[in-house]
Amino acid sequence: MPPTKNIFVNPMTDRFSLGIAIEKISVKKADFKAEEHCREATQPHRDEGHTFYILQEGTITIEIDFQQYEIKAPTVVYMHPNQVHRILDFTPMNICSLAVKNENVNPDYLSFLEELAPAKPLELTDNICTDIFETFSLCLKFSGQHNNKLYYPLLKDSSNTLIALIISAFLKQNTVSNKSSRAELITKSFKRLLEINYGTIKRPAEYAKQLNISTHYLNEV
């Protein structure tokens, strides 16, 4: 993937200062052109948090990490904060959107998300589709209860329930589909080690040793 140092990062607004952004959006092309975030959506960018887009109605053509996908409802798209994406085209659509910063994601779920990324868009089956949309509706309801003394924990816990359902759907798909190749698994493991140790471990040989492979093989992967 090309270097992303100049890629725009779309931050959460002040309205979502708690690090959780949830909203349901209905978009037509005529409306989209008038939106302030049009530039960010149609040009390559990254989002500040882990982002889940659940397409409820309509179709969309989206580019993720410079790979194009044609998506139709009902489908869930998971975007890791490091992933570059942009919208290319769409029909009138309804989208359920959840964005969550690392500190608000259950640590166990965060580990699963790191394993899943990069994940291809997932078309939802009837059963899981119903569960996900019902849970999203509950999250959206809690997001409007600002005067509730338990507002933040309700929003955080319900959002994590939604994340867990989405992860489960992806894991079920991965169980049915072909397992990742050895090269893909090594690449993911190397990226995790690099994120943790980039400040202390510099030599490829040390990473190769932790992965139980040769330095030559790591360089090839």
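Contact here means heavy atoms within 4.5 Å.

**Figure 1. Overview of the predicted model.** Among contacts between residues at least 6 apart in sequence, 75% join residues at least 24 apart. The protein has eight helices and ten strands. Of its 221 residues, 40% are buried. The exposed surface comes to about 13,200 Å², with 52% of that supplied by carbon and sulfur atoms.

**Figure 2. The largest nonpolar core contains 31 residues.** I54, L98, L113, I163, I166 and F170 touch the most other members. At least two residues of this core come from each of the strands β2 (20–27), β4 (50–57), β7 (75–79) and β9 (93–100), and from each of the helices α3 (107–116), α4 (126–143) and α5 (151–176). The top contributor is α5, with eight residues. In soluble globular proteins, nonpolar side chains tend to be buried together.

**Figure 3. Surroundings of L98, a member of the largest nonpolar core.** With neighbours within four places in sequence set aside, L98 contacts I20, A21, I22, H50, T51, F52, S159, L162 and I163.

**Figure 4. Strands β5 and β6 form a hairpin.** Strand β5 (residues 59–64) runs antiparallel to strand β6 (residues 67–72), and six bridges join the two. Two residues lie between the strands, and D65 in the turn has a positive phi of about 50°.

Methods:
Residues numbered from 1 in each chain as written. Predicted model: local features only at pLDDT ≥ 70, side-chain atom pairs only at ≥ 80, totals over all residues. Heavy atoms only, no water. Pairing = 2+ DSSP bridges. Helix = DSSP H or I, 4+ residues; strand = E, 2+ residues; numbered from the N terminus. Buried < 20%, exposed > 50% of the residue type's maximum accessible area, 1.4 Å probe, protein only. Areas by Shrake-Rupley, 256 points an atom, 1.4 Å probe, with all protein chains shown as cover. Core = buried A, V, L, I, M, F, W, Y, C linked by side-chain atoms within 4.5 Å.
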